[in-house]
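Subject: Structure handover

Dear colleague,

Here is the structure I said I would pass on. My notes on it follow below.

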Amino acid sequence: MTHEAFHEYLHAVMPAAPIWLNEGMAEYASGVKIEGGRVAAVGGILKGRLRNLQSALESGWEGFPFEFVVRESKEQFYSLAPELQYAQAWSMVHFLMHGRGGKYK
């Protein structure tokens with residue numbers, strides 16, 4: 001639910017968000033922890049997405065090239081190994097939000 005709701009929010013504030021950012025941010029929002037009706041933590045590791053990436057990397061997958069990811073169409077995102085597309089988009093957003101203590105945020 002959080003994932004889909006985030007799409008609505010992002011569309012309102014950034015209607016032309018590239019697909020990797022749109023899906024990556026929605027996945028990132030899915031990792032929020034709510035306690036007592038308040039946000040208790042952000043940036044939670046999505047175990048399923050992490051497993052997708054680990055399994056693919058162990059099989060020799062090297063990831064989609066960054067230049068491709070930031071320019072790809074929605075059609076490419078949803079048709080070229082979507083489980084890996086979501087996982088890579090999530091990992092890119094997670095890195096941008098938390099890498100080097102938030103330096104790239």
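Helix axes here are lines fitted to C-alpha atoms over the stretch in contact, and the angle between two of them, taken between N-to-C directions, runs from 0 to 180 degrees. Please keep in mind throughout that this is a predicted model.

Helix packing. On that basis, helix H3 (residues 47-58) and helix H6 (residues 82-98) have axes that come within 9 Å and cross at roughly 110 degrees. Angles of 65 to 115 degrees count as roughly perpendicular, and H3 and H6 are therefore roughly perpendicular to each other. On the H3 side the contact is made by Arg-49, Leu-50, Asn-52, Leu-53 and Ala-56. H6 contributes Glu-83, Leu-84, Tyr-86, Ala-87, Gln-88, Trp-90 and Ser-91. Sorted by type, the residues of this contact are seven nonpolar, three polar and two charged.

Aromatic pairs. Seven aromatic pairs turn up in a search of the whole structure. In one of them, Phe-77 and Tyr-78, the ring centres are 5.3 Å apart and the planes stand at 85 degrees, so the pair is edge-to-face. Phe-77 also pairs with Tyr-86, again edge-to-face, with 5.2 Å centre to centre and 70 degrees between the planes. Tyr-86 is one of the H6 residues in the contact with H3.

Elsewhere, ring pairs link Trp-61, Phe-64 and Phe-68 into a cluster.

Strand S1 (residues 33-35) and strand S2 (residues 38-41) run antiparallel and are joined by three bridges. Lys-33 of S1 stands opposite Ala-41 in S2. Two residues lie between the strands of this hairpin, and Gly-36 takes a positive phi near 60 degrees.

The H1-H2 loop. Where does Ala-16 lie? Its place is the loop between helix H1 (2-13) and helix H2 (19-30). Ala-16 has a relative accessible area of 71%, over the 50% cut-off, so the residue is exposed. From the C-alpha atom of Ala-16 to that of Leu-53 the separation is 27 Å, and the two residues are 37 apart along the chain. Leu-53 is among the H3 residues that make the contact with H6.

Regards

Methods:
Residues numbered from 1 in each chain as written. Predicted model: local features only at pLDDT ≥ 70, side-chain atom pairs only at ≥ 80, totals over all residues. Heavy atoms only, no water. Pairing = 2+ DSSP bridges. Helix = DSSP H or I, 4+ residues; strand = E, 2+ residues; numbered from the N terminus. Parallel < 35°, antiparallel > 145°, perpendicular 65-115°, else oblique. Contact = heavy atoms within 4.5 Å. Nonpolar A, V, L, I, M, F, W, Y, C, P; charged D, E, K, R; others polar. Phe/Tyr/Trp six-rings, centres within 6.5 Å; stacked < 30°, edge-to-face > 60°. Buried < 20%, exposed > 50% of the residue type's maximum accessible area, 1.4 Å probe, protein only.
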